[in-house]
Amino acid sequence: MNYDLVSGKSVQRVLVTGGAGFIGSNLVRMMVESGSYHVVVLDALTYAGNLANLTDVLDTERCVFELGNITDASRVRQVLADHKPSAIMHLAAESHVDRSIASAAPFVETNVKGTLVLLEAMRELPDARFVHVSTDEVYGTLGPNDAPFVETTPLDPTSPYAASKAASDLLVQSFVRTHGLDAVITRCSNNYGPYQFPEKFIPLMTLNALEGRPLPIYGDGQQVRDWLHVDDHCYGLLAALKRGVSGEVYNFGGDGERTNAAMVSAILAQTGASPDLCTYVADRKAHDRRYAINAEKAHRELGWAPTRNLDEGLQSTIAWYTHNRTWSDNVRSGAYRTYYETQYNTTL
Ligand code: NAD
Ligand code: DAU
């Protein structure tokens with residue numbers, strides 16, 4: 001913990017892995033703007049990482065960027081030795097279920113091996129805390145009348161993505177028990193909000209609707225997801241950093257269960273696109289039917305609760321994609337890949 005001479009506030013130095021991705025960039029912005037953190041972003045800038053997500057906060061006194069892959073143990077050790085963070089918030093991951101069905105190996109590499117590299121490196125920082133950002137997908141799927149997932153629901157992952165996240169959760173728990181690591185695990189439902197890579201459902205459907213392109217709905221569109229605004233997830237992660245008990249798991253969810261078809265209807269209504277764009281396509285393999293989260297433990301023990309209502313949050317998210325077409329055009333054309341090179345006058 002450092003003391004800021006200008007503001008008089010104590011400032012915590014935190015390393016955020018995956019800080020150039022969707023949730024990571026929203027979290028980094030929130031932390032920098034709060035004035036309470038000095039953030040070091042460690043990111044490999046895979047296809048999902050985009051430094052333009054951080055333009056407004058990057059390279060300020062409170063936010064520095066380190067290019068690096070979490071599977072590279074010597075690079076990770078070097079970054080930790082250079083910055084000596086008092087906490088790591090671990091968001092770097094391969095995160096897209098469809099990609100894990102097409103090819104599982106990168107998911108094991110980053111999500112399992114990369115997490116292990118970070119855990120080993122944490123042993124050099126005995127007083128630091130590790131916040132492991134996991135997912136509700138580790139619990140598997142629910143039937144229409146099943147009770148929502150609680151933290152003790154058995155792990156039953158369906159996709160290679162979910163299996164790799166479950167494996168990383170178990171590694172974290174093993175380091176808490178074996179090495180006394182100070183770590184908390186969070187498991188969140190589907191996030192929505194600005195800067196989400198447009199292969200994911202909400203930005204994909206919104207941008208296709210705005211461009212008059214087909215909206216590919218998997219199967220019958222009756223799969224249910226529990227949507228949480230990314231800001232609320234980030235508040236939860238900061239609450240877990242501050243108040244979580246080591247070794248514990250905390251669920252976050254939005255009480256926002258909706259079918260995919262209902263989400264598409266809301267997107268069509270706001271963008272004014274024609275319902276004829278809806279195209280029912282082959283279902284995802286082993287598509288989880290329903291996710292629902294019981295977040296009472298986070299309410300009770302972290303003092304966390306969602307602040308955004310789904311209708312309002314979705315409306316503002318669709319408006320963000322509507323008004324930030326340069327950002328999405330750069331992602332869709334691939335131009336975003338040159339941002340780092342231009343900014344740092346080097347090649348990726
Ligand atoms: P994302 O795919 O948008 O971003 C992932 C980031 O990690 C990118 O910046 C990428 O460059 C970086 N990265 C990937 N592999 C790396 C590696 N080997 N080394 C260093 N950096 C690497 O993901 P997201 O949606 O922001 O998800 C962030 C985390 O939150 C993930 O761990 C994910 O499992 C979890 N999560 C996501 C959601 C959701 O709805 N998106 C919900 C619950 C949990
Ligand atoms: O539940 C948390 C998880 O939410 C996170 O762990 C993942 O990282 C995140 O990607 C998300 O996983 P999903 O598989 O639920 O998200 P996705 O955006 O890929 O899909 C949401 C739903 O929409 C899902 O039921 C599949 C469906 N879908 C998705 C796409 C991309 C479609 O019907 N058509 C599509 O083109």
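**View 1. R284 and its neighbours hold polar contacts to ligand 2.** R284 places a polar side-chain atom 2.6 Å from an oxygen atom of ligand 2. H287 does likewise, at 2.7 Å from an oxygen atom of the ligand. For N190, the distance from a side-chain N or O atom to a ligand 2 oxygen is 2.8 Å. A polar contact here is a pair of N or O atoms within 3.5 Å. The model is predicted: local features need pLDDT of at least 70, side-chain atom pairs count only at pLDDT 80 or more, and totals for chains, interfaces and linings use all residues. Residues are numbered from 1 along each chain as its sequence is written, chains are lettered from A and ligands numbered from 1 in the order in which they are written, and side-chain values use heavy atoms, without hydrogens and water.

**View 2. The shell around ligand 2.** Elements giving two or more residues to the shell are α6 (201–211) and β9 (215–218). Helices (H or I, at least four residues) and strands (E, at least two) are DSSP runs, numbered from the N terminus. The shell counts 23 residues, with T135, D136, Y161, R284 and H287 the closest. A residue belongs if one of its heavy atoms lies within 4 Å of the ligand. By class, 10 are nonpolar, 7 polar and 6 charged.

**View 3. The second largest pocket.** Its volume is about 170 Å³. A pocket is an open set of points on a 1 Å grid over the protein atoms alone, with protein on both sides within 12 Å along at least five of seven lines; lining residues have an atom within 4 Å of a point. Volume is the space filled by probe spheres set on the points. α1 (22–34) and α7 (230–243) each supply at least two lining residues. The largest share, 5 residues, comes from α7. The lining includes Y235, K242 and W304.

**View 4. The largest cavity.** A cavity is a set of grid points where a 1.4 Å probe fits but cannot get out. The structure holds 2 cavities of 30 Å³ or more. The largest has a volume of about 60 Å³. R284 and H287 are among its lining residues, as are E137 and Y291.

**View 5. The second largest cavity.** This one has a volume of about 40 Å³. Its lining includes L45, N50, R337 and Y340.

Notes
Polar contact = N/O pair within 3.5 Å; in protein donor to acceptor, adjacent residues only side chain to side chain. Nonpolar A, V, L, I, M, F, W, Y, C, P; charged D, E, K, R; others polar.
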